[in-house]
Protein chains: 2
Amino acid sequence: MASSSSLTLSQAILSRPSIPRHGSSPQLHSASIPSFSGLKSVSSSAAAAASLSRRRAAAVVRHPVIASAAVETLEKTTDTELVEKSVNTIRFLSIDAVEKANSGHPGLPMGCAPMGHILYDEVMRYNPKNPYWFNRDRFVLSAGHGCMLQYALLHLAGYDSVQEDDLKNFRQWESRTPGHPENFETPGVEVTTGPLGQGIANAVGLALAEKHLAARYNKPDNEIVDHYTYVILGDGCQMEGISNEAASLAGHWGLGKLIAFYDDNHISIDGDTEIAFTESVDTRFEGLGWHIIWVKNGNTGYDEIRAAIKEAKSVTDKPTLIKVTTTIGFGSPNKANSYSVHGSALGAKEVEATRQNLGWPYEPFHVPEDVKSHWSRHTPEGAAFEAEWNAKFAEYEKKYPEESAELKSIITGALPAGWEKALPTYTPESPADATRNLSQTNLNALAKVLPGLIGGSADLASSNMTLLKMFGDFQKNTPEERNVRFGVREHGMGAICNGIALHSPGFIPYCATFFVFTDYMRASMRISALSEAGVIYVMTHDSIGLGEDGPTHQPIEHLASFRAMPNILMFRPADGNETAGAYKVAVLNRKRPSVLALSRQKLPQLPGTSIEGVEKGGYTISDNSSGNKPDVILIGTGSELEIAAKAADELRKEAKAVRVVSFVSWELFDDQSAEYKESVLPAAVTARVSIEAGSTFGWGKIVGSSGKAIGIDRFGASAPAGKIYKEFGITAEAVVAAAKELI
Amino acid sequence: MASSSSLTLSQAILSRPSIPRHGSSPQLHSASIPSFSGLKSVSSSAAAAASLSRRRAAAVVRHPVIASAAVETLEKTTDTELVEKSVNTIRFLSIDAVEKANSGHPGLPMGCAPMGHILYDEVMRYNPKNPYWFNRDRFVLSAGHGCMLQYALLHLAGYDSVQEDDLKNFRQWESRTPGHPENFETPGVEVTTGPLGQGIANAVGLALAEKHLAARYNKPDNEIVDHYTYVILGDGCQMEGISNEAASLAGHWGLGKLIAFYDDNHISIDGDTEIAFTESVDTRFEGLGWHIIWVKNGNTGYDEIRAAIKEAKSVTDKPTLIKVTTTIGFGSPNKANSYSVHGSALGAKEVEATRQNLGWPYEPFHVPEDVKSHWSRHTPEGAAFEAEWNAKFAEYEKKYPEESAELKSIITGALPAGWEKALPTYTPESPADATRNLSQTNLNALAKVLPGLIGGSADLASSNMTLLKMFGDFQKNTPEERNVRFGVREHGMGAICNGIALHSPGFIPYCATFFVFTDYMRASMRISALSEAGVIYVMTHDSIGLGEDGPTHQPIEHLASFRAMPNILMFRPADGNETAGAYKVAVLNRKRPSVLALSRQKLPQLPGTSIEGVEKGGYTISDNSSGNKPDVILIGTGSELEIAAKAADELRKEAKAVRVVSFVSWELFDDQSAEYKESVLPAAVTARVSIEAGSTFGWGKIVGSSGKAIGIDRFGASAPAGKIYKEFGITAEAVVAAAKELI
């Protein structure tokens, strides 16, 4: 553990190395990198905030009832009039922002403002000036289109990321209040939502992370990990299959600190949910092993909501679904309870009518003084929460130095020094092996040195080779273990891993299935890439080389489809060294997910491959030419690099000068200097042949107009792998023939 | 309706135009095109089989009990000893085929043989010599890895597609018994399964199709549409989110003739389902509105299974889930009830032990004579079913000529003559409009002339513009209507549409969501392409042009990802004529699904666009050069074709010879002759600039090494569309600048 213990954890988190952000125009995002000015003020005001009890006393003077409610959670509550006013503030901030942008979704914030208020004002523990404080309660707005709810709450709670100007710039270029919640734009937003169902699955990942860390690190005298995960999800989330997958796992794992509010408003975009959604959600969740509570009046039933949360917290062995029946667009006299308030501005006339109806005399974006004052306590209170926890951590560190070092690595994301020495290396004499097996060797080697490595497979552990042998299964009663059994739920798996990755920077979640089934989880993988969640996707059975299972199981277009996706690293390693190289890069890239396409079939350890080569994405593994002027360049990836090497042997027998290039990661090669690229693929050498057991789509750019791309532009077939390779012409003979045509 | 009524429907189906099959090696598939020799024998033996009652009487003599069970369904049953023997035949055919291939999944067939036997021998109505007989009961093996169960049943039932040699060639090159069930390889297989959860969703589509057609065409005196849909699904299917989506819709729609067998064997690949799947499936399905029956002894409880089916049929307003508790690998003394029997050959020793255990003295692949004889009645019986139905249809045709013409179009796939005249055309003077709106014009025009057009949106009908105004909603009590409300369930939607498409060749299902959410349904879309289901995917909000919703909603890599997928047509029309052209090609391609990427924003009607142009995939819309030698070629798609045209105007002002090419469908352009391609993109003209608001991945091949591809290789952003276009450099100025650099 490199970071010194005198550094506070919240400072340490800031010191983690900055990794280039996704996209080709990083400057566009510069506004979104958190400045953490708030954190500094926390640190400097540490003396004032150090003692929670002292601050509590002060708070009692100012808001006698509220403070105790906030601290003791739900025992008492503030006066209803002020709550109502705060709730209406949330409603109107949302209405006003959508109105100004003339774009957005006012309906959900208007309906969910009461539960939002109670969560952020009375229930949740967070520090607005350090949105990354480790032990904060997590909140996920799974119904991400209602993001103005969250922005209004972050604004009231005192987060620097959402100032009044940010609200006024809702959905505008470079604002910190984009059209859906984006963790990489807005500190205080935990995950990126909008695509429905992702958020509830992320929340399952967040709650898993908490349960796991608590089991691993908590001591009878020091429960250093202890927070809740709250979600609001809507009818749309409930309809998506991913939410059922994730909810089934949450029930199976008994994630008692996951509390989900189901905004039961009976309206979706197409109108009343009666037209497509008449199932009994309660009964389904009962079947999934959740505790269910129904709040019948989510519009004004504050005490009902409070009581539900209290009950949910008392059920510690099951996640809780609080079905909160609300009115979408509550308060709008003509649009409430209709789809017209879901996704469009109310319009000036209806805004006015709503102001009248709810008795709201204020200017747009105005926060009444008493509401402002009421919420202002969250800044000192949050600082005190963190200070108290820091003190607790200091004690923990003294008493449990080994555990605290590990936990700190997970909290800060600082990798243990020398971790990469654990990676295996190979020589051409090492036995041939499938890259899926070599992957397992890597995973097991890394598990010993990376405390945050955790993951598993979608019911294919023995095929994907993903079991960590030194650990048992993460289960309801053994949550300290690290092998996660996801069942056949790829989509949920990906989103859960996003949640784990974004819980703490030192988590390195991996997940696995057959490469072709990335199609089941592509929406989650895209959000890994977008939200900078460094998940490692271990994708085996990466081509027709899987053989008999046939075209439903044989990826063809998948390599191309990920190479086209921004901010994701697509690896297709050829052997042991390249598999180790892929893991090295994947582990280092904590803000860019990696996909490893791995073979089912055995592959030889090739001369010339290296971890260093993989780090450059494309590199020469053998060359008998001189002066950077080969007669022909043969380019292969993964299992076909061997074929390229064999073809080179044949051509060299005929005195040709042949270079063999491994193109293991196109993205990494793209990142290299022009000079390096020219040293591998000199512009003057247009005789280029690529071979890859997948779609040739995209290879045109690599081999150029004069080159030839050998691949598979049809679906696969069911037969033994060798037979398919031969019939599809993925052979050294084909490469030799193509090369001869070009030379 | 072109086909004469003297042609039988089963013949008519054979006469539908042959459309090139997917993939670059169509000959590889030739073995799978049904020969229908069986059908001819049906026709020629029509006299013998014409009278069902006469045949029944004959059957009674041969198998007194069986025949009545088959005809009257479940009233009586054959003697248990013979059933047992038949069941063991199924088990050993499966064991032997997997053993010979040394690859495959014996466990499911061994456990599900009893329900399989009862379905195919006692319950289902089908004609083995015409697998495409319209009114057959449909069977879907959602747990597709257990395909040997289905192959064994098709073999016993007398399907020509699965002969003894086919069983012996299980999982071999060009066999009709591939590693998972593939409808395009094996007549008798309805849909393509293997990727888990797809099959149950396909089955929902098949059952929807039946319910819809029955409501539209059945008369009190002639119920011409009347069949069941049966499914076997396993634990894996149950865990997948797609199955929950589809099951929720099945319950909502009250698909009473959908009967699903849940093979509850408690084993998945990773071992006991206890490790990842402890939910109560019964309770969940109760919540989804299904009728639930539990068969506790699926291994030998034949009467229990029969009674369950009888009960399921008696419940007509709900689909039924029959949970059948079985032992995976039943009969294998050492491997039953373990994952080791799931996906590998038993091995010679265990095969021998299983033979001993089940008392099976026969050679591999042997079907005992009494079993063979028992099953042999299905050929005449099936012919009689069809003949009886043909007679019924002849009556229907006489009495209801209009309805029968429509129904026949749906059954045969013959499109009504002149249908394409319904497509709208536009001139540059026509008002600017979003292609999503133009798509709605097309859909509504086509709905009037295409009786098989049916579809809807995943809760975005008013955004995707997919409502057919002349029809109401397909619902439980209005199943004759054609607007399907899928709810927010993209994945289930795609698979349900696959089921509809494969129910009858004349169905033209369409479905819609935002283009970015193809990520949620990609697995189903791939199966559309693989299984030759001509679904039309109406995908709106196709770029950053959607604006404020931001990067979670803005497709970037999606065009490239579908261009890389085999056998799917990716369209990005630029205006009204191109949208109409895309629909024309999509409707004609009944074995190749189409994806239409459509704009949210208004686009002008461009001079030079045409339906005919779209049919060629890429074509020149304007050109001021001569001799096929422009100074520069500007290539655009969709909303960026307008930008290319504007840039051309600018360049032409400076006396440049500029060609503007619309590249609306890369796949169609690929299919053109070399001569045509040269006429559009002459090899000598290397100054080429492409512009598309999406990933540049793949464009390298089109613009060549000297050309320039303008696009977006990062994620999008939340802001008004115009602002994003400008900031991202998707502008006419950028095209002009790039062109000038190249000229």
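Where does A:Arg91 lie in chain A? A:Arg91 sits in helix 6 of chain A, which covers residues 80-101. This is a predicted model.

**A:Arg91 and its surroundings**

- A:Arg91 counts as buried, because its relative accessibility is 1% and the cut-off for buried is under 20%.
- Beyond its neighbours up to four places away in sequence, A:Arg91 touches A:Pro109, A:Met110, A:Ala113, A:Pro114, A:Asn299, A:Phe330 and A:Leu358.
- A:Gln672 is 581 residues away from A:Arg91 in sequence. In space, their C-alpha atoms are 50 Å apart.

**The parallel sheet**

- Strands of a sheet pair through backbone hydrogen bonds, in either a parallel or an antiparallel way.
- One open sheet in chain A has five strands, in the order 1-2-3-7-6, and its pairing is parallel.
- Its edge strands are strand 1 (138-141) and strand 6 (291-295) of chain A, and each of them pairs on one side only.
- Neighbouring strands of this sheet are turned by 20 degrees against each other on average, direction ignored.
- Strand 6 of chain A runs parallel to strand 7 (residues 320-325) of chain A, and five bridges join the two.
- Within strand 7 of chain A, A:Thr320 stands opposite A:His291.
- Helix 7 (residues 107-123) of chain A lies across strand 1, strand 2 (229-234), strand 3 (258-264) and strand 7 of chain A. Helix 7 runs at about 155 degrees to strand 3 of chain A.

**The mixed sheet**

- Another open sheet of chain A also has five strands, ordered 17-19-18-20-21, with mixed pairing.
- Strand 17 (619-623) and strand 21 (708-710) of chain A are its edge strands, and each pairs on one side only.
- From one strand to the next, the twist averages 20 degrees.
- Strand 18 (residues 632-636) and strand 20 (residues 688-691) of chain A pair in the parallel sense over four bridges.
- A:Leu634 stands opposite A:Val689, which is in strand 20 of chain A.
- Helix 26 (residues 641-653) of chain A packs on this sheet and touches strand 17, strand 18, strand 19 (658-662) and strand 20 of chain A. The direction of helix 26 makes about 175 degrees with that of strand 19 of chain A.
- Helix 31 (residues 732-742) of chain A lies across strand 18, strand 20 and strand 21 of chain A. Helix 31 runs at about 160 degrees to strand 20 of chain A.

**Binding-site positions from the record**

- An unreviewed UniProt entry lists A:His105, A:His342, A:Arg436, A:Ser463, A:His541, A:Asp549, A:His553 and A:Arg600 under "binding site".
- These positions span 496 residues in sequence, and their farthest two C-alpha atoms are 47.9 Å apart, so they do not all gather at one spot.
- A:Arg436 is in helix 19 (residues 435-449) of chain A. A:Arg436 is buried, with a relative accessible area of 16%.
- Leaving out residues up to four places away in sequence, the contacts of A:Arg436 include A:Ser463, A:His541 and A:Arg600.
- A:Arg600 lies in the loop between strand 15 (594-598) and strand 16 (602-603) of chain A. A:Arg600 is partly exposed, with a relative accessible area of 36%.
- Apart from neighbours within four places in sequence, A:Arg600 is in contact with A:Ala434, A:Arg436, A:His541, A:Leu546 and A:Glu548.

Note on methods. Residues numbered from 1 in each chain as written. Chains lettered and ligands numbered in written order. Predicted model: local features only at pLDDT ≥ 70, side-chain atom pairs only at ≥ 80, totals over all residues. Heavy atoms only, no water. UniProt positions renumbered as here; feature names shortened; annotations may be inferred. Buried < 20%, exposed > 50% of the residue type's maximum accessible area, 1.4 Å probe, protein only. Contact = heavy atoms within 4.5 Å. Pairing = 2+ DSSP bridges. Axes fitted to C-alpha atoms, helices over the stretch in contact; angles between N-to-C directions.
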